[in-house]
Amino acid sequence: LLAESAEFGDIDLSFYALGSWPRDQPIYIQGATVDASIKPGAGAGIKVGLFPRITKNMLGLELDSSVHGGALSFLTNANGRNNGIGHSNLLVLNTMVNLVLRYPGETVAPYVGIGAGWSQGTLLSPNIRGRDDKDFESARAFGHQYLAGAQIMVGPKVYVFGEYRYFSANYHWEGLAVDFRAHYGLVGVGLRF
């Protein structure tokens, strides 16, 4: 199998930790748009990349899956009056396909890419007045991202990497919607076959 993969091109398998820094965005709740604060979070992910020899191992596809936490807080309005602060923990799961262009350096390989796929935003233990809350509620949405990073080979088949991402998805729960925009920082380790 390894001989076949070497003839085909590079196969990368990597694991990473991530930090998320969402942008504060207005949210739509109960017929009104209000300012909201979205707290940073941490998480982890895995990605598998295929870089065919026909592209000189420069252009490839990655399947990428990650999960991270966070929190929402905002003023609630019901029946035209302020009803205090609403809040909820937020769990974000992303499964994306990335198109990646990398420089085929022997020691350092910088890269850029773009990705799209499915994202799931889950409200955990929400406390929002004027809304019939559940323990959790999920919303699925199309997401997209832009990325840039660099791999550094630390052994014949082992590399470490750092990556920046800008991610976007629009979540719509019952009576609540947010345009989620986040900056991600990733650090990880991988194997190249």
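How many nonpolar, polar and charged residues are in the lining of the largest cavity? By class, that lining has 3 nonpolar, 3 polar and 3 charged residues. (Ala, Val, Leu, Ile, Met, Phe, Trp, Tyr, Cys and Pro count as nonpolar; Asp, Glu, Lys and Arg count as charged; the others, Gly among them, are polar.)

This is a predicted model: local features need pLDDT of at least 70, side-chain atom pairs count only at pLDDT 80 or more, and totals for chains, interfaces and linings use all residues. Residues are numbered from 1 along each chain as its sequence is written, and side-chain values use heavy atoms, without hydrogens and water. The chain averages a pLDDT (the predictor's confidence in each residue, from 0 to 100) of 91.

The largest cavity has a volume of about 40 Å³. A cavity is a set of points on a 1 Å grid over the protein atoms alone where a 1.4 Å probe fits but cannot get out; lining residues have an atom within 4 Å of a point. The volume is the space filled by probe spheres set on the points, which are joined across faces, edges and corners. Asp-12 and Lys-47 are among the lining residues.

The whole structure has 8 salt bridges. Each is a side-chain nitrogen of Lys or Arg within 4 Å of a carboxyl oxygen of Asp or Glu. Three of them are tabled here.

| Salt bridge | Closest N and O atoms |
|---|---|
| Asp-12 and Arg-102 | 3.0 Å |
| Asp-64 and Arg-165 | 2.6 Å |
| Arg-165 and Glu-163 | 2.5 Å |

Shared partners join Lys-47, Glu-62, Asp-64, Glu-163 and Arg-165 into one salt-bridge network.

How values were computed
On a 1 Å grid over the protein atoms alone, a cavity is a set of points where a 1.4 Å probe fits but cannot get out, and a pocket is an open set with protein on both sides within 12 Å along at least five of seven lines; lining residues have an atom within 4 Å of a point.
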